[in-house]
Amino acid sequence: MHTHTLSGDVLALLRTALTGAADRPLVLLGNFEVEDHWAKGEAGLPGIVMPASRVIVNRMDECALLLAGPDDHVVLKAAPDEEYLRYLGGLGLALPRILTVATGQPQRTVSEDAVADPRLVATLGGLVATGAHLWPHGVSVVEERLAELAGLPLAAPTAAVCKRVNSKIYSRLLADEVGLPQPEGTVCRDLDELDRAIRRAGSWLDAGRPVVLKDAFGVSGRGIMVVRDTRRLAQLHALIARRARRDAGRVGLVMEEWLPKRHDLNYQLTVDRAGDVHFDVIKEAITSDGVHQGHRMPAPLTEPQHRQVRSAAAAIGRRLAADGYFGVVGVDALTTTDGRLYPMIEINARNNMSTYQERLRRTWFGPDTVALARQYPLRLTRALPFGELRALLDGVLADRPDRPGLVINNFATVNAASGAGTDFGGRLYGVVAADSAQQVAALDREVTERLRNCSATVAQS
Amino acid sequence: MSDATIGAAPQAVAGDITNVVVGALGQMLSRDPASISTQLRLFEDLSFDSTSVLELLIQLEAELDVEFDTDTLEPADFETVGALVAYVAGQVEENA
């Protein structure tokens, strides 16, 4: 078993890892927040997804354009802005062929739209002869169903394998097994384990140590709760236990100590079909209330910490391969205020926002580039065409590789929630790159300022 | 909250539930309950997030001694303070 570092043509390497052949055409599907499907029927913590946020997240499907080559197809919920496609072409990305669903319903993921579209399914079926494989962002029963309907092989393991290895319970047990340092804590799969965990948590709270309870399939800040007092712990215990008793005693949570965090980290590895593990990249993750906001590169780690991460990645990849997983894996990690590194907080065995930036990172940025990948939250009064946005950001957008500036990597999320006739929220996803952190910060401020002054932006009081 | 109260005076119960919900929100957000009207939007006006939703459910279940059927929970139930009161009142009735 080897751990390699990816170099060269990232698309060819990914293709080989996923399908066994460097020239195999792919059909990409950007079904972000596939976790919602994995969580169905599981005994986690109650929560809700706000419709506006779901509408925007579903349009992150457009990210797939950045990772597809000219012989690939990308399935999207709606046709991209023509100006945006020209812009992407101008970045030197050879663009794929685009297939759009007949009826893109805002609340549905691109996969859910696709399975409900017989004509699209038939078109995908026509690609079988080319040897194409279906490569979703992550695989749930919906993507598996689409693959079956179209007769396309998946460039991924089964939904059952993907779901299993994405559980936070699996992550904790894996860390125990391979001896990776992890926050003190325990898994809760039934009422006995829950009762023991709550007793342990109570003793930590008595000693002034906060605890965190996490849903095994929670995503983006949902299904996670930090508990700082015993009264709240008792309430939470009662809520979980009541639900578990109604559900044959099933519980699906982990309980952990709440660590004093200095930096969130996220790294990516790829497990190929042969079981070899490739370390891709590590970045600092920017989160707000557990919700992913973006990344910074390079990650603020010492050389020994880098080695520790690579060694953890190799161990995690080997274990995932042994459990039948292959494909892209994102791992969340963190450093604490006292300088400890926890190389695995959770495994996300699916594509990540970072995955879609890999081609840009390798072709557009130099080895010493400092970069900030983030989303700019927008509040707009009307739909903002890409051409207008491009003009607004003139001089701030990077105009050729290795030059300071912003590269936009998702535009559909800007106008995804438009159409109701009222103000709406949107997100602009981009990567600000420059030679120094100071320069990146200045460019970032400039982008924010220009967006604030856009005529489509709601005036701020 | 007794069954008799719920059956006998629904309006009074709705009023009580409004007080409980607004009180819980005030406590969570460190805000004077008197400043929380039923028209306020939880996410936009009160800066609610997913964690707050869970925290509020836990608090209300404990205070009202009910179990919310969260499988049927819709985002619309959390749109405004008033919508939340209606959801909670419905759940209290179902639990009665």
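Modeller: Go ahead. Keep in mind that this is a predicted model. In chain A, the centres of domain 1 and domain 4, taken over C-alpha atoms, are 23 Å apart.

Colleague: How many residues of domain 1 of chain A are in contact with domain 4 of chain A?

Modeller: 14 residues of domain 1 of chain A are in contact with 16 residues of domain 4 of chain A. On the domain 1 side, helices α3 (51-58) and α4 of chain A each supply at least two residues.

Colleague: And what classes of residue does the side of domain 1 of chain A that touches domain 4 of chain A have?

Modeller: That side has 10 nonpolar and 4 charged residues, and no polar ones.

Colleague: Where does E83(A) lie?

Modeller: In helix α4 of chain A, which covers residues 82-90.

Colleague: Which residues does E83(A) touch, leaving out those up to four places away in sequence?

Modeller: P385(A), F386(A), G387(A) and R390(A). For G387(A), the C-alpha atom is 6.0 Å from that of E83(A), although the two residues are 304 apart along the chain.

Colleague: Why does E83(A) count as partly exposed?

Modeller: Because E83(A) has 15 C-beta neighbours inside 10 Å, and buried would take 20 or more, exposed 12 or fewer.

Colleague: Switching to chain B. How many helices and strands?

Modeller: Chain B has 4 helices and 0 strands, so the pattern along the sequence reads α-α-α-α.

Colleague: What share of chain B counts as buried?

Modeller: 31% of its 96 residues. Among contacts in chain B with a separation of 6 or more, 68% come from residues 24 or more positions apart.

Technical notes. Residues numbered from 1 in each chain as written. Chains lettered and ligands numbered in written order. Predicted model: local features only at pLDDT ≥ 70, side-chain atom pairs only at ≥ 80, totals over all residues. Contact = placed C-beta atoms within 7 Å. Domains from an automatic or database assignment. Nonpolar A, V, L, I, M, F, W, Y, C, P; charged D, E, K, R; others polar.
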